[in-house]
Structures are given as C-alpha cells and as structure tokens.
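Hello,

The structure we discussed is below.

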Amino acid sequence: VSDCEWTEPRLGAWVDGELAPDQARRVMTHVERCAACERRRLLLRETSALLRGLGSAMLAAEPKPVAVRRGRRLAWLAAAALFALGVGFAWAHQTRVRPALANDCAHCGPEPFVAPQNSGNLAKTP
Amino acid sequence: VSDRGGALLDRIARGDAQALAELSTMYRARIQRFARAYAGIGPELADDIAQQVLLEVTRTAERFEGRSRLTTWLFGVAKNLCRTQLRRREDAMDPDARVWRSLPDPGQSPHELFEQGESRRAVREALEALPAPYRAVLVLREWEELSYDEIAEALGVPVGTVRSRLHAARALLAERLIQILGGRP
C-alpha cells in the first residue's frame, strides 16, 4: 500500500481530529509532502464549508415555532399542558397520600415509588 | 454546541413549561433540518417529526440517565422516526458497498467552480443524491458537530461504520459537486 493509498481514506478523520495520535502524525507528514493529498485535504475542507453553508441557510429558513399551523401549535400546547397537569397531579398525590399510607401500617412503612415501565420504548430502539 | 441536557430534562420532568419552550427553541429547527436532509422529506413533514421527537423526549424525560448528550439522544429518536419515512421510499442501495470509494483528485476545486447563486442548489442536489445512511452521518457531523462516538450512538451503528460512511459520503459529495458545479452530467 502506497502512502497515498494509506492516507486517503484517513484524511477526513484526520481533519475531524478523530485519528489516533500516531496515525495523525503519519497523515500529516505525508500531506505536507504530497501535492495530490494536500489537494484532497483542501477539497474536503471546501466541501465541508459548502455543506455547512447549506445547513446554516436551512436553519435560518426553517419556520419558527410561532409560525407553524394553528392546529399543530394547539396540539403541542395541549400535549405540554397535559404533561404539566400529569406531573402536578402526581406530585400532589405523592405529597398528600403517601404519608397517610405510611401511617396506616406501622409494619410495612411507605410503599416504594415505582416509575411506570410501559412508555418510552421508541427512544431505546436501535 | 452547548448541551445542558441533564438540567433541562430535570426541569421538564418536574413539569416546567418554560423548559419545554427552551427545548423547542434549541432543537426543533435543527431536528427539522436533519429530518429533511436524512429522510428527503418536505419542511412540513419534517416539522411533524421534530415535534414528535420533542414530545417523545418530554414524555420520557425522567428516564434520561445522562450517559449520553441530550443532542445525541434527540437525534437518535429523530433517526428512528425518519426511518419510517425512508421505508416508504426507494433507498435499497447497500450503503457500505461503496465505502472505499476514493476522494477525487480535482482538476478544479468546487470553490473555483463556485458561483454564489448556484452553490446552495448544487450542494442540496448533491446531498440529496447520497444514500440516506450517508446523509445521516454527514449532517450529524457537519451540522451538529457530533463526534464519531456520538454519531455511532445516535444512529446505532459501530464507530468504524461511521468512519467509513463519512469517508464515502464526502467522496461522493465532492465528486457530485464537481460534476454539478462544473456543468458535467
């Protein structure tokens, strides 16, 4: 494998700072004296700059949350309100009911709080 | 990119409505952008996905264990939701079949070929031409500045796959950009 063949697949990771130090040194040494790989490095940099420019433009052009359709905004607000109500209810329930339960049975003590297990699978899906 | 995820999610788990608004301000447009680029969908559908992601994270905020950044978690959820959209499209190419594609040695660089009015359209066109798994790693790296480890975690693939897909994605993107900006078919 020539130095160019070894270096070329690692150029991106080198530019990203994701190479191990010994490999990074080898890439840098090669790029400093190889015009073709230096051009490839510049190509990577320019391509990255263009892509980042597109990303910034897209972000600037995305509708702000206040500009979304009324129905969707209401759905979002309703979900947030329901969530807040749920948390508030659970808090109130805990603070008022649990001490009473603890006092009802001197042997058992308060019931341990068990978090619900039947939601949130989506976030765990690989 | 700041990532004060743990504190924000703690507040959300306690029902702090202001924290929900902050989460939306910080991430909604970014997730929408990711969804557009990764799933190749329009802004409205992408915004629906962004809202679903935020609701999902809100619903499960109390389970966030802080082992990963909030950003990584959010984009992992977004990726799963986007895949439903992707399944409806033709994207059957094996993303790793072209992993070792080489960067072109450019006679002219994209910058030299660059013309202000055309560049954005060209970059968008070149990005859309990439296979979806390549688009995902590329935009998480270039737009979200996630590390390779974080991209791997968000997408559920090994770090080596992230590395090789990024290399191939950049090579294909550069090649396509040179073609488009140089006026070649």
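A salt bridge here is a side-chain nitrogen of Lys or Arg within 4 Å of a carboxyl oxygen of Asp or Glu. This is a predicted model, in which local features need pLDDT of at least 70 and side-chain atom pairs count only at pLDDT 80 or more, while totals for chains, interfaces and linings use all residues. Residues are numbered from 1 along each chain as its sequence is written, chains are lettered from A and ligands numbered from 1 in the order in which they are written, and side-chain values use heavy atoms, with hydrogens and water left out.

Over all chains, the search finds 18 salt bridges. In one of them, A:Arg52 pairs with B:Glu142, with the closest N and O atoms 2.8 Å apart. This pair crosses between chains, from helix α4 (residues 35-61) of chain A to helix α7 of chain B; helices are DSSP runs of H or I, at least four residues, numbered from the N terminus. B:Glu142 is buried at 4% relative accessibility, whereas A:Arg52 is partly exposed at 29% (buried is under 20% relative accessible area, exposed over 50%, partly exposed in between, with a 1.4 Å probe and protein chains only).

B:Arg141 forms a salt bridge with A:Asp16, at 3.4 Å between the closest N and O atoms.

Regards

Terms used: Helices (H or I, at least four residues) and strands (E, at least two) are DSSP runs, numbered from the N terminus.
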